[in-house]
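This report walks through a protein model part by part. Please look at the sequence and the 3D view first.

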Amino acid sequence: MIKKSRKVRDYKALTKVLPTVRYVDPEKVFIHLQNGRCKTYDLVVKEGEYVKLGQVIGVRHGGFFEQPIHSTVSGIIGPISKKLHRTGRKVDCIEINNDFKDTKHEDLFDRSDEEIAKLTQDDFVEIVKKNSLVGLGGSGFPTYIKLATKDKIDTVVINAVECEPYLSSDYRLILEHPVRVVTGLQYIMQALGVKKGLIAIKSEKDPLYQVLTQVLEVKFPDLDVKVAKLGNHYPQGWEVEVFRWALGIDVPHGQLPTKYGVIGFNVSTTVGVYEAVKHNSPVIKRHFTMTGDAIKFPQNIRVRVGTSVRELIELCDGYKDNVGDVIFIMGGPMMGVSTVTDDVIVSKTTTSVIVLKNVEYKEEPCVRCGSCVYSCPTHLEPVAIMNAVKRNDKEVMKGLEAFKCIECGLCTYVCTSKIHVTDYVRKAKQLIG
Ligand code: SF4
Ligand code: SF4
């Protein structure tokens, strides 16, 4: 039977109704010195040295940009060790022992509303660049590059759809701090000289609609920002789908949305813009979802960047009794990366860790049901790409446009034979990349 599906079970009820817990005082933090976009780094501090909160301790080098590295506590620099990054790679992390004083570095200061009103696009770009802000939904793309666009933008879109199952930290962030979200959007609109804003939410997320419309009406009466309720299918949070359903704009594959007068930002990134501009602060804490069927008390946590996931599992009352083997997914279950260790550190781009009982699924041979083809949001033929990978036929992989895959995971989700089809398509992208 063909399973054409753009619906996935969301499991958000595990966490979305609970207020976010604060866990911001770990004894030590581990700051990633490398990440998916930056392979090398230089440090300007040594072991044993004292650093303040928000102090620059080094710089990461990316292909076409540099990223200052900030301390997320005040305290004493420790050794460097290898820890898992959310990309699944082990990378160098520097330990900093927290003195629990949060002594701020002089670089952290507040700007008045009058000062902010005078900032130019170049000023915003410089502020965000110095504070090392990147796409906090997981992309890790430097935000200053997006803010520096010279294209004429008609609408700034905040993507609050959060369509990945289990994740609800953006939902809680909006519910608990709507003014920060809208102020961040206001700053982005000012930076880009844009008059119109839009916050895209899932239609079912009614409390967000009420909170946002009320805050806009009462606190931002002069701001032209609408709240759009979109559909509840997956991957509705894919930016291309958001622009299509919220604004009727179709951005073709490989094209920049700014060429079509639109630009999108994730919710946490928008709050990151607020923190950078208002408090001249890098990302020190973030909203984070710790959930799954293998831990006792899933919840959303406001966590300091650099905190060990092991501590957060303890905060969630630990593992369920007799749980057996578990897997850890960094990010959402559809697009995230899985690992078998809990020795994971929250980086500023880690949205969540999902701890699941490890159920072994036996892959069966493909029955050519076509479910993967009917469900693919980018209109690919995942089964044909999989067969081309098995034959190592790169010409066919190119002809089937495997490069258009957004790695949403739907083809695996719907597969009748429980084949990890997405892994094959991802492999095809690497082979023809
Ligand atoms: S993972 Fe790629 S091939 Fe599979 S459904 Fe999503 S976009 Fe299509
Ligand atoms: S790969 Fe899976 S979903 Fe696709 S045709 Fe084969 S059995 Fe069906």
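The text below takes up helix packing, strand pairing, ligand surroundings and some backbone details.

The model is predicted, so local features need pLDDT of at least 70 and side-chain atom pairs count only at pLDDT 80 or more, while totals for chains, interfaces and linings use all residues. Residues are numbered from 1 along each chain as its sequence is written, and chains are lettered from A and ligands numbered from 1 in the order in which they are written.

Helices (H or I, at least four residues) and strands (E, at least two) are DSSP runs, numbered from the N terminus. Helix H8 covers residues 267-279, and Ser268 has its place there. Ser268 is buried, because 23 other C-beta atoms lie within 10 Å. The cut-offs are 20 or more other C-beta atoms within 10 Å of a residue's own for buried, 12 or fewer for exposed, and partly exposed in between, with C-beta atoms placed from the backbone.

Apart from its neighbours within four places in sequence, Ser268 is in contact with Leu136, Gly137, Asp170, Leu173, Arg286 and His287. Contact here means that the C-beta atoms of two residues, placed from the backbone, lie within 7 Å. Asp151 is 117 residues away from Ser268 along the chain, and their C-alpha atoms are separated by 24 Å.

Two helices that pack with H8 are described next. Their axes are lines fitted to C-alpha atoms over the stretch in contact, and angles run from 0 to 180 degrees between N-to-C directions. Helix H5 (residues 178-192) packs with H8 at an angle of about 75 degrees, the axes being 8 Å apart. H5 is therefore roughly perpendicular to H8. Angles of 65 to 115 degrees count as roughly perpendicular, under 35 as roughly parallel, over 145 as roughly antiparallel, and the rest as oblique. On the H5 side the contact is made by Arg180, Val181, Thr183, Gly184, Leu185, Tyr187 and Ile188, and on the H8 side by Val267, Thr270, Val271, Val273, Tyr274 and Val277. The residues of this contact of H5 with H8 divide into 9 nonpolar, 3 polar and 1 charged. In this division Ala, Val, Leu, Ile, Met, Phe, Trp, Tyr, Cys and Pro are nonpolar, Asp, Glu, Lys and Arg are charged, and the others, Gly among them, are polar.

Helix H4 (residues 169-176) and H8 have axes that come within 9 Å and cross at roughly 45 degrees. That angle makes H4 oblique to H8. Asp170, Leu173 and Ile174 of H4 meet Val267, Ser268 and Val271 of H8. The contact of H4 with H8 divides into 4 nonpolar, 1 polar and 1 charged.

## Strands

Two strands pair if DSSP finds at least two bridges between them. Three strands form an open sheet in the order S3-S5-S6, with antiparallel pairing. Its edge strands, S3 (38-43) and S6 (66-70), each pair on one side only. Neighbouring strands of this sheet are turned by 30 degrees against each other on average, direction ignored.

Strand S14 (residues 299-304) has 5 of its 6 residues buried, so the rest of the structure largely encloses it. The table lists some strand pairs, including those of S14.

| Pair | Sense | Bridges |
|---|---|---|
| S5 (residues 56-62) and S6 | antiparallel | 5 bridges |
| S1 (residues 21-23) and S14 | parallel | 3 bridges |
| S13 (residues 285-291) and S14 | antiparallel | 6 bridges |

His61 stands opposite Glu66 in S6. In S14, Ile301 is the bridge partner of Val21, and Arg304 is that of Lys285.

## Ligand surroundings

A residue is near a ligand if its C-beta atom, placed from the backbone, lies within 6 Å of it. Around ligand 1 there are 15 residues, of which Cys376, Cys405, Cys408, Leu410 and Cys411 come nearest. Helix H13 (410-414) and helix H14 (421-432) are the elements that give two or more residues to this shell. The shell around ligand 1 divides into 10 nonpolar, 4 polar and 1 charged.

Ligand 2 has 14 residues around it, and Cys366, Cys369, Ser371, Cys372 and Cys415 come nearest. Its shell divides into 9 nonpolar, 4 polar and 1 charged.

## Backbone details

Tyr234 and Pro235 are joined by a cis peptide bond, with omega about 0 degrees. Pro235 lies in the loop between strand S11 (224-230) and helix H7 (239-247).

Phe100 is not a glycine, yet has a positive phi of about 60 degrees. Phe100 is in the loop between strand S8 (90-98) and helix H1 (113-117), and is exposed, with 12 other C-beta atoms within 10 Å.
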